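Dear colleague,

Please find below the structure that I am handing over to you. My notes on the surroundings of the ligands and on one of the helices follow it.

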Amino acid sequence: MFPLLRRAAFALAPALLVACGGGGGGGGTNGTSTITSTPGDGSTPASTLPSAPTSVVATAGDASIRLSFASPAQAGSSPVSSFAASCVASGTAASTATGTASPLQVTGLANGVAYACTVTATNAAGAGAVSASVSATPSAVAGALTLDLAALANYAAPTLPAYYDGKVRAQDNTPADDPVDDRIATLGRVLFYDKNLSVNGTVACASCHQAAAGFSDPARFSTGFDGTTQGTRHAMRLANVRYYAPGSMFWDKRAATVELQASQPIQNPIEMGFDGTHGGLAALLPKLQAIGYYQELFTFAFGDAAVTELRLQDALAQFERSMVSVGSTWDAGFAQVYDPTLPDQGRSLPVPTLNAQQDRGRALFMGGPGVGVGCAACHQPPSFALAANSLGNGLDAGETTVFKAPSLKNVNVAAAFMHDGRFATLAQVVEHYSSGVQDGPALDARLKRPDGSPRNLDLSADDKAALVAFLTTLTDTALLADPKFATPFKTP
Ligand code: HEC
Ligand code: HEC
């Protein structure tokens, strides 16, 4: 039965394409129609060559090009048995790949060279027509990363709302002579997500600064490259890092700039492990320099392939500074009431995108003595980065270290709060300000009574709940889900 069927199918070949002339008295169409002839003598018909594969798409890889295509539909000829792909660049011999199905991978190509590629199908009669030519330029970047260097994401000039006015721009810690550049920030994105920055290839910056947790760690204490947990400091959220005016980084501000901060997790003996015993940055730099995509990306960003500590710092800092948060529920409403002619730019006005409880929390957060509880004096809207002159918030009695806080944007998607992650909920944070403020040398005057003793806010249950509700309106899911801040690696 099967041989018979096959024979019957075969008997329909070959197809003869006969152009219909304008002759007949019919509809006056000028198309083509197919007439199949069946050899009456039962002999095997002669095969025709396959027509060209269609829909050919070339995807560049590392020293390779992948060609996907549709097999030619050619009823009547003998079945296609194989395909051959060929890529050629001016002055080179063609490189080829063969196989029985799409896609085909042509390898052994030179990176950075534009190739023209075609595909042919072969059947019993031989190799058929050559497809339309498609071009692609292999590169190590194309092999490892999803980046399109010809169409970079916009890091340098995001559209900011009007309320990111001169007052806010004055808090920007971006060096005047080193504005964010799309190429350098794109390199920073790759570095940020690259586990090669850790000594054993297990941990990236993004391992502890996860977008879904507000670019922080869902764990109270992060686990480093060898599985050891660091145990004293919670990983900080990164949105609006550029609007902390002093520019100093870490909870205790020990890194003077965003740039200088970037080397420290790499060299940390627990976090990424390039400490003295592992050769330090002197071991990391040649490791990165040997990676093909960095040779291309450093050249793309800086003009040559040299991997230096300054360039690493610059690229990571630019990527981090481009994480500006303007997409929260609070932002959408404040945009409607912002008024540059008012002394407080409209911060005391009701925000239309907030519900009644959230807006009650907003009034408490924003308002000074008598109106609210003064959170905004330290956590400054619209960036919610900490004010330059903020001292401590009285977590521990006798505290001498003046800690900072990251911007409160996305605080609600984080899972641990304060420098040591001691609080697991925002309700506990608010309770601290309501009843737990401790005296000490670092305590800020804004959290003291006129007599110098700690000032607890003694909030009602409703007001505490309202403050928590307000903090949830600072979540910026647009930023957290923005592909330009997601991993660029094809295999994360
Ligand atoms: C193993 C976890 C871990 C890794 C990996 C890690 N970080 Fe962090 N990050 C932290 C912790 C914890 C802190 C707070 C540390 C402190 O204050 O002592 C922090 C703080 C920061 C800060 C300070 C933010 C502020 O507002 O002051 C920046 C910026 C930062 N990290 C960027 C990076 C970059 C860039 C990398 C990769 C080169 C990186 N981190 C790798 C855990 C990590
Ligand atoms: C005097 C300035 C100041 C005032 C006023 C203030 N804070 Fe803070 N806040 C800080 C500092 C400093 C930290 C970080 C302290 C630390 O971790 O040691 C902080 C931390 C926080 C955090 C945790 C941030 C994180 O990333 O873990 C939240 C949430 C917060 N404050 C909310 C509030 C609210 C709500 C109010 C008003 C009731 C308020 N703050 C008033 C200075 C202030």
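The shell around ligand 2 consists, by class, of 19 nonpolar, 6 polar and 3 charged residues. Please bear in mind that the model is predicted. Of the 28 residues around ligand 2, those that come nearest are Cys375, Cys378, Phe403, Phe417 and Asp444. Helix H12, which spans residues 426–436, supplies the largest share of this shell, namely 3 residues.

Turning to ligand 1, there are 27 residues around it, and Cys205, Cys208, Ser222, Phe250 and Pro265 come nearest. Two or more residues of the shell around ligand 1 are given by each of helix H5 (205–208), helix H6 (258–267) and helix H9. Among these, H6 gives the most, with 5 residues. By class, the shell around ligand 1 holds 18 nonpolar, 6 polar and 3 charged residues.

The remaining notes concern helix H8, which covers residues 292–302. Which residues of helix H8 are buried? They are Tyr293, Tyr294, Gln295, Glu296, Leu297, Phe298 and Ala301. The cover over the buried residues of H8 includes helix H2 (140–144), helix H4 (182–192), helix H7 (280–289) and helix H9 (309–321). After H8 comes Gly303, which has a positive phi, near 95°.

With kind regards

Conventions:
Residues numbered from 1 in each chain as written. Chains lettered and ligands numbered in written order. Predicted model: local features only at pLDDT ≥ 70, side-chain atom pairs only at ≥ 80, totals over all residues. Near = placed C-beta within 6 Å. Helix = DSSP H or I, 4+ residues; strand = E, 2+ residues; numbered from the N terminus. Nonpolar A, V, L, I, M, F, W, Y, C, P; charged D, E, K, R; others polar. Buried ≥ 20, exposed ≤ 12 C-beta atoms within 10 Å, placed from the backbone. Contact = placed C-beta atoms within 7 Å.
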